[in-house]
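Here is a protein structure to look at. Some questions and answers about its labels follow.

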Amino acid sequence: MNYIQGKVKLNVYYNESNAYNILKVKISESDLKLDLFMYEDYVTVTGYFVKPMRGEEIRFYGSFTDHPKYGKQFNAKNYEKLSENSIAGLIEYLSSNLFKGIGVKTATLIADKLGKDAIDKIIKDKDVLKDIPKLTKSLRDSLYDSLIENKASERILIKLYEYELTPTMAMKIYKKYQKETIAILENNPYQLIYDVEGIGFERADYIAKKLGIKDDSPLRIKAIIIYLYNLMGTNYGHTYLTLDQLVDYIFNTLNRNEQIINTEEINDYILELVEEKMFVLENGEITLGSIVYARNTIASKIKELNDHSSSFTDEEINKQIDLFEKLNNIEYTNMQRNAITMSMNSNLQIITGGPGTGKTTVIKGIVFVYSKLKQIPILYDNPLFDIKLIAPTGRAAKRMSESTNLHAETIHRFLGYNFDGEFIFNKDNLVNGEMIIIDEASMIDLFLAMHLFEAIPKTKKVIIVGDEDQLPSVGIGEFLRDIIDSDMINTVKLKTIHRQAEDSNIINLASSINQGIIPGDITKKHHDLYFVNETMNNFQSRLKPIIKYLIKENYSLKEDIQVLIPMYKGEAGIDNTNFNIQDEFNDLKDKYIEHNNRKFYLGDKVLQLSNQVEDGVMNGDQGEVIGITDSKELIVAFDNTEVTYKIGDLINLKHSYAMSIHKSQGSEYKVVIMPIYSSYSIMLKKKLLYTGITRAKELLILIGDMNSFKYGIQKDDDFRQTKLKEVIIDTLVNEKTESVKKTENKKLIKDKLIPFDYLGEENMDGITPYTFMKK
């Protein structure tokens, strides 16, 4: 790795939450061939490390990049402090916000008294600070502790870099464990999997091997068991497994090439994990402890919300609904009016329905009516509005905002998801807002639902909106389906397709799919729907002229046209389709970056595959490549931000001319092109086809063979093993039953002078016979 060495001349920027630095450095040495002006001028250095002092001599390891906006920068991956010999830098460092209570005057006194080696002297003997005037004991102790902590953090970060962790990840690990980092790492590196987002089994296993942990170590075997449990949950969406399912899966996976473990040993390790509280084993079903906690948290908050309600009269509500209808020249159906009315008087309400049933129109009515009843000023496109609109993805939130003219944001942003993979708003720091409307709820997995519900005050109003016929979440569980099927929450199911949608062949097709039938006229040409019979071998050659025609009709390939495909591999798979569309329609091929046999050119349409909170981009966001630097960095423009990707980061980026139907959830496109072939048979199912079809707003083009289409429509989705429904019922019904039991054998007291309803109530503190006497 190349290096530059020099003195820090200026701290341009420092982020305390993630230790991101922007420095100006005067270069004195480098192993790179640098232009002469770089030695004469200051160079910008960026990276994640403890804030240095001005005047410190530091060797930075990394590479130069050309940022299109900020110019040439040195991106530091690692660093080494060589000296601390600047009085001015010492004063600036000590008076910074790293050291509470130390201002410029005090820092100057310390520097004058102790010299440029002040920090070393203080660390060796903090009593040297007694000679500094007006420096109290508490300030001396605080300064000493902070200096020790900063020195320790530098040593820990440098140690973490030895395990080939990125500076970002190293800082995340350090912020989690602080001074215990190395001890925890060396004791059990697999602990990182459970504590630090972004660390998976493979990375933890790599660190473990460097630490000398053997393949048959119990630590490793147990980590593998949890990893495989999570993998099976991810693949199938289950929130629990039977013990037999888990044992068989582990046995078959670990013994694929040769037998290294038997079922008895696997059972023993699982029981150890149960004793360690990682798993919960009950009635032959095994569940991660974190999943049990998530289910219980959601159920408890549902009970709390159900226990609170408003008391607006039907007359008050109908008056405002009538006003909204008049202002917007619409007429609600009885079911839509019922949805709005129930939402006013219930603190927890579900509204579900397919495309064209008016969910968005109902949301707008709910916002208007509630604002009028509560006298809340409606603030359009303003994040300070007391009614919060949220959705699982950026594109879903954007669509929600566009359709309502109100500010909408992702659930992650609403909860303050930060660099450390934690939510600022949680059970100890609840969110604000009079009402919270959650759209596209079918996309919400169990853990995201848990984080959201535990952060909502029990007195607030929550409206859950979604289409229960869409694909369930990519993550585990089936949140929307479970809360509806529990039958413990007020639910309105919108079924009527409204006049403006009646002429939509797309919506009619979606409705038919839910009934398991295909319209007889599907092969006829419609203004918004085409079914093109074509063999899989000819799909790519047929696709190109279709896209060319659409572009001539003023549809944008990047903004309006989306190819949706169930699978990545194969002739008609996502990867091959992306390659062919890019090759045919992107003419900006002079400059590119190659990663894993993929070439990224200027103008490419791309998709983010993971959350990068520090860059303001989330899993599922689509963007466009707008820059390629000389140092092989890719710059991508998303809706609200620009993100720079180094070659190693491109694992988180994928071309998205074609994308999976799962990734398209929550989005709408003017034109959707969907191939349907028997090679997708493992994925072709009713909900998948329904979800893909309902992404199209203006035009749907299906390409393939009718038999495969019929096969998919008649094939139901795999059953997800979940328990949220049962836990909700148990939490709400059993507690009500207990409450009834407590009053069954008690005699009702009708005397209004007696301050309780039943004989036998426990709250008798301060009650004496004189309490009941007339005064």
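Q: How many salt bridges does the rule find across the interface of domain 2 and domain 3?
A: The rule finds zero there. A salt bridge needs a side-chain nitrogen of Lys or Arg within 4 Å of a carboxyl oxygen of Asp or Glu. The model is predicted, so local features need pLDDT of at least 70, side-chain atom pairs count only at pLDDT 80 or more, and totals for chains, interfaces and linings use all residues. Side-chain values use heavy atoms, without hydrogens and water, and residues are numbered from 1 along each chain as its sequence is written.

Q: What makes K493 and E468 a salt bridge?
A: Their closest N and O atoms are 3.7 Å apart, and the cut-off is within 4 Å, so the pair counts.

Q: Why is E468 called buried?
A: Buried means under 20% relative accessible area, exposed over 50%, and partly exposed in between. E468 has 13% relative accessibility, so E468 counts as buried.

Q: Why is K493 called partly exposed?
A: K493 has 37% relative accessibility, so K493 counts as partly exposed.

Q: What makes K548 and E584 a salt bridge?
A: The closest N and O atoms of K548 and E584 are 3.1 Å apart, and a salt bridge needs such atoms within 4 Å.

Q: How many salt bridges does a search of the whole structure find?
A: The search finds 31.

Conventions:
Buried means under 20% relative accessible area, exposed over 50%, partly exposed in between (1.4 Å probe, protein chains only).
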